[in-house]
Amino acid sequence: MKNLKSIYYILILSLLMAEQIQAQDWANLNKYQNENATLQPVKPGQKRIVFMGDSITEGWSLTDYFAGKPYVNRGISGQTTPQMLIRFRPDVIALKPTLVLIMAGINDIAGNTGPSTLEMITNNIFSMVELAKANQIKVILCSVLPASDFPWRKGLEPADKVIMLNKMIKTYADANGILYLDYYTAMVNDQKGLKSIYSEDGVHPNKAGYEVMNPLAGKAIEEVLSKK
């Protein structure tokens, strides 16, 4: 019985310590600090591109899909748009990319850092766009992937919110001359969720999912970079 109590107290202490660490670095600015500091300059003729996002971006092996290109992954699992907005300067602007792809919002809908309205989500996304433009960084705004449920928060029924969020992002993109990269249409099923062949959990792409996204991203990047 004493051993069980000891294990219980250790678990509680570990959780409290983890929460304290997260509270001290809520936006996880530490995650890419070393990588950012040691990032090598791009070679002549190359253009650095940053992929900014959450776990869907973090799980994307850019070195496999875009071999030899100076593409930088700055996704962090579980993050919401306010967290990304806080780290946008060190993880994007400071790297001096030519272009940034922003894919964000699904974790806000899941309530990972508390309740968020669609307007709150888009305000954060559009603020990132404005920061990029102010620093002469081109932008691609990516759709949120379809999701009919969250495995970590069942019953929220996010499908229609995802559709509305994507409409809001596209409307803003069209009005501001920004390319809207539509992953959603290529990956949605009849239930407004992610096709099972593209995901194991209904939210995160598997290899087949990334194989759909890869050429779409590549084409969008070429289109934006070709514009003067």
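Reader: Which strands does helix α11 lie across, and at about what angle does α11 run to β5?

Author: In this predicted model, helix α11 covers residues 207-226. The helix lies across β1, β2, β3, β4 and β5. Its direction relative to β5 is about 175°.

Reader: What is the order of the strands in the open sheet?

Author: The sheet is open, has 5 strands and shows parallel pairing. Within it, β1 (residues 49-53) and β3 pair over 4 bridges, and another 4 bridges join β3 to β4 (residues 138-142). The order is β2-β1-β3-β4-β5.

Reader: Which strands stand at the edges of the sheet?

Author: A strand with a single partner has one side left without a neighbour in the sheet, and this is so for two strands here. They are β2 (71-75) and β5 (179-181).

Reader: Which residue in β4 stands opposite Val-100?

Author: Val-100 belongs to strand β3 (residues 99-102), where Val-100 and Ile-102 point one way and Leu-99 and Leu-101 the other, all of them buried. On the β4 side, Leu-99 faces Lys-138, and Val-100 stands opposite Val-139.

Reader: Is Asn-214 buried or exposed, and what is its relative accessible area?

Author: Asn-214 sits in helix α11. Beyond its neighbours within four places in sequence, Asn-214 is in contact with Trp-60, Tyr-65 and Phe-66. Buried means under 20% relative accessible area, so Asn-214 counts as buried, its value being 17%.

Definitions and conventions. Residues are numbered from 1 along each chain as its sequence is written. This is a predicted model: local features need pLDDT of at least 70, side-chain atom pairs count only at pLDDT 80 or more; totals for chains, interfaces and linings use all residues. Side-chain values use heavy atoms; hydrogens and water are left out. Buried means under 20% relative accessible area, exposed over 50%, partly exposed in between (1.4 Å probe, protein chains only). Two strands pair if DSSP finds at least two bridges between them. Contact means heavy atoms within 4.5 Å. Axes are lines fitted to C-alpha atoms, for helices over the stretch in contact, and angles run from 0 to 180 degrees between N-to-C directions.
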